[in-house]
Amino acid sequence: MRKDVRILLVGEPKVGKTSLIMSLVSEEFPDEVPLRAEEITIPADVTPERVPTHIVDYSEAEQSDEQLYQEISKANVICIVYSVNNKKSIEKVTSHWIPLINDRTDKDSRVPLILVGNKSDLVEHSSMETILPIMNQYQDIETCVECSAKNLKNISELFYYAQKAVLHPTGPLYCPEEKELKPSCIKALTRIFKISDLDNDGILNDSELNFFQRTCFNTPLAPQALEDVKNVVRRNMMDGVKDNGLTLKGFLFLHTLFIQRGRHETTWTVLRRFGYDDDLELTQEYLFPMIKIPPDCTTELNHNAYLFLQSVFDKHDKDRDCALSPEEVKDLFKVFPYMPWGPDVNNTVCTNEQGWLTYQGYLSQWTLTTYLDVQRSLEYLGYLGYSIIYEQESQAAAITVTRNKRIDLQKKQTQRSVFRCNVLGARGSGKSGFLQAFLGRNLQRQRRIREEHKSFYAISTTYVYGQEKYLLLHEVMPDFDFLTETDLSCDVVCLVYDINNPRSFEYCAKVYKQYFIDSKTPCVVIAAKSDLHEVRQHYSLSPHDFCRKHKLHPPQPFTCSTNEAPSKDIYTRLTTMAMYPHMAQADLKNSTFWLRASVGATVFAVLGFAMYRALLKQR
């Protein structure tokens with residue numbers, strides 16, 4: 001909402017502009033009226049909307065046209081004052097003042113106008129018959145009010161309407177000619193309805209209506225008040241109430257009713273609570289709250305964020321098959337202005353046999369987005385209404401910023417849950433296959449992936465000593481001379497070579513010697529395509545000798561040319577090395593260490609799945 005409101009009063013000489021201002025301030029009609037009142041500021045604490053209000057007078061006798069134009073450009077709302085007993089001053093509203101103001105304001109951001117009929121104490125009739133056609137002709141006219149500076153009639157109301165016209169404008173919400181909400185307003189309220197419909201059944205039940213009411217207005221509705229609201233809708237439309245709950249049509253009808261009855265502030269309170277600005281766009285402050293991320297720190301979702309995302313998944317997994325079909329994904333993202341996930345997402349995370357996102361895959365994709373681009377993750381959580389549903393100040397409350405990696409190394413332990421493994425290797429060495437195998441896809445399933453839907457990332461969970469962790473694999477493009485800091489910055493490195501290609505290992509050796517020989521980042525050499533015949537590598541040292549010389553673990557044989565899903569053991573090892581880099585040069589070479597980590601992973605993977613199935617049965 002605006003931080004202040006600037007009201008300008010214009011009109012013909014002697015219509016009582018200055019008297020209106022002075023009557024408001026002193027609460028009595030002035031004996032002597034100057035040509036022009038000085039600009040006054042009404043403090044926030046004495047205005048109904050709690051916003052400082054500046055009131056500016058215009059005098060033709062004291063001010064030039066240029067000064068008038070400047071005031072028009074600075075005003076948030078303009079009151080055109082006429083005298084109800086002076087026909088000429090009424091005619092001037094349309095012949096002079098409205099055209100003048102329109103010429104001096106941008107067509108896309110016209111200021112709201114209020115027609116003010118002063119001196120009502122001098123006549124017994126109303127000027128409304130003359131004024132209503134003018135109001136219907138000009139959309140910029142917010143309202144009309146008749147008042148008397150002498151009798152103090154409607155003076156405070158006049159300035160309240162002016163303030164309201166700025167803070168709660170009708171223009172963006174409602175089309176008076178059509179007598180219906182504008183498309184942008186319908187779109188915003190539809191998103192709000194969908195977020196508030198916590199069980200996604202297309203109806204706001206009493207519990208959801210009360211939550212909505214409390215969220216927007218800090219007070220629940222009494223049971224009778226709830227019934228009264230639903231009865232109003234029932235009387236006016238057929239399908240506004242269903243199963244004793246409010247449908248989207250009923251919800252939109254209520255807001256139309258509020259606006260038609262002059263209660264725009266009700267609709268604006270709702271819109272602003274859900275992040276909208278005066279143009280019915282979600283504000284930058286709402287979508288991108290401030291979050292400070294020091295160097296060498298990463299971003300992860302916290303426990304509450306995962307609970308929220310789980311509830312969003314449950315809400316849209318209508319067939320309860322623990323996966324989101326394309327239609328269910330589309331429904332989930334209806335509260336977004338665009339589709340955020342493309343076909344590559346299905347090749348980045350785990351899917352079921354039909355290629356649909358599993359529960360694990362869905363959470364993995366959110367984890368990946370938060371790690372790689374936390375601003376995007378904040379934006380997405382904003383569209384889903386995280387801060388509203390969880391009653392937090394902003395989506396930033398969903399993010400954990402991990403401590404500096406250097407401290408983890410010093411303390412020889414980490415609280416992080418997401419570990420990045422960069423996968424490097426020559427072209428055709430098997431990097432893509434290595435990524436896809438992590439998602440449980442053998443070579444046969446990988447061949448179905450279309451080139452344009454390929455992903456350079458793969459993320460899923462692994463278990464290390466009973467702790468569930470996310471391993472994020474990133475396939476780095478094999479352009480040796482253009483490796484960036486991002487390509488090299490990670491928790492563990494995979495150097496992949498094709499055992500069937502004699503020139504494949506040379507790239508791994510060069511990358512290691514140039515970039516990683518003196519780094520503290522653990523490195524693992526992967527002997528890919530181990531189902532094929534191993535040939536001698538055209539390099540001065542064999543891969544085994546190279547690893548022995550540089551105190552690396554021996555090359556790990558790997559293949560995804562299997563009948564079943566490829567083995568996950570190597571990924572558990574990589575996660576373990578990422579978690580305990582200080583042990584990479586010592587204990588990690590010990591085979592019993594690997595064995596303990598692998599067995600622990602298998603046991604907890606089975607337990608984790610069993611627990612999830614049990615939770616599903618309770619839903």
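Lysine 194 counts as buried, at 14% relative accessibility. This residue belongs to helix 6, which spans residues 183–196. The model examined here is predicted. Beyond its neighbours within four places in sequence, lysine 194 is in contact with Asn200, Lys315, His316, Asp331, Lys334 and Val335. Cysteine 421 lies 227 residues from lysine 194 in sequence. In space, the two C-alpha atoms are 38 Å apart.

With neighbours within four places in sequence left aside, the contacts of histidine 255 are Leu181, Leu189, Thr267 and Val270.

Helix 9 as a whole has 13 residues. From first C-alpha to last, helix 9 reaches 18 Å, close to the 18 Å expected at 1.5 Å a residue. The helix is mostly covered, with 10 of its 13 residues buried. The buried residues are Gly250, Phe251, Leu252, Phe253, Leu254, His255, Thr256, Leu257, Phe258 and Ile259. Just after helix 9, glycine 262 takes a positive phi of about 80°.

Two packed helices are described by the angle between their axes and the distance between the axes. For helix 9 (residues 248–260) and helix 10 (residues 264–273), the angle is about 135° and the axes are 7 Å apart. The two helices are therefore oblique to each other. On the helix 9 side, the contact involves His255, Phe258 and Ile259. These residues meet His264, Thr266, Thr267 and Val270 in helix 10. By class, this contact has 3 nonpolar, 4 polar and no charged residues.

Backbone angles are considered next. Most residues other than glycine have a negative phi. Asparagine 154 has a positive phi of about 60° although it is not a glycine. Asparagine 154 sits in the loop between strand 6 (141–146) and helix 5 (155–167). With a relative accessible area of 25%, asparagine 154 is partly exposed. Cysteine 322 is not a glycine, yet has a positive phi of about 60°. The loop that holds cysteine 322 runs between helix 12 (303–316) and strand 13 (323–324). Cysteine 322 counts as buried, at 15% relative accessibility.

Strand 4 (residues 77–83) is mostly covered, and 7 of its 7 residues are buried. Val77, Cys79, Val81 and Ser83 point one way from the strand. Ile78, Ile80 and Tyr82 point the other way. Residues of both sets are buried. Strand 4 pairs with strand 1 (residues 5–11) in the parallel sense, over 5 bridges. Within this pairing, leucine 9 has cysteine 79 of strand 4 as its bridge partner. Strand 4 also pairs with strand 5 (residues 113–118), in the parallel sense and over 6 bridges. Here serine 83 stands opposite asparagine 118 in strand 5.

Strand 16 (residues 418–425) and strand 19 (residues 492–498) pair in the parallel sense over 5 bridges. The bridge partner of glycine 425 is valine 496 in strand 19.

Definitions and conventions. Residues are numbered from 1 along each chain as its sequence is written. This is a predicted model: local features need pLDDT of at least 70, side-chain atom pairs count only at pLDDT 80 or more; totals for chains, interfaces and linings use all residues. Side-chain values use heavy atoms; hydrogens and water are left out. Axes are lines fitted to C-alpha atoms, for helices over the stretch in contact, and angles run from 0 to 180 degrees between N-to-C directions. Helices (H or I, at least four residues) and strands (E, at least two) are DSSP runs, numbered from the N terminus. Angles under 35 degrees count as roughly parallel, over 145 as roughly antiparallel, 65 to 115 as roughly perpendicular and the rest as oblique. Contact means heavy atoms within 4.5 Å. Ala, Val, Leu, Ile, Met, Phe, Trp, Tyr, Cys and Pro count as nonpolar, Asp, Glu, Lys and Arg as charged, and the others, Gly among them, as polar. Two strands pair if DSSP finds at least two bridges between them. The expected span of a helix is 1.5 Å times one less than its number of residues. Buried means under 20% relative accessible area, exposed over 50%, partly exposed in between (1.4 Å probe, protein chains only).
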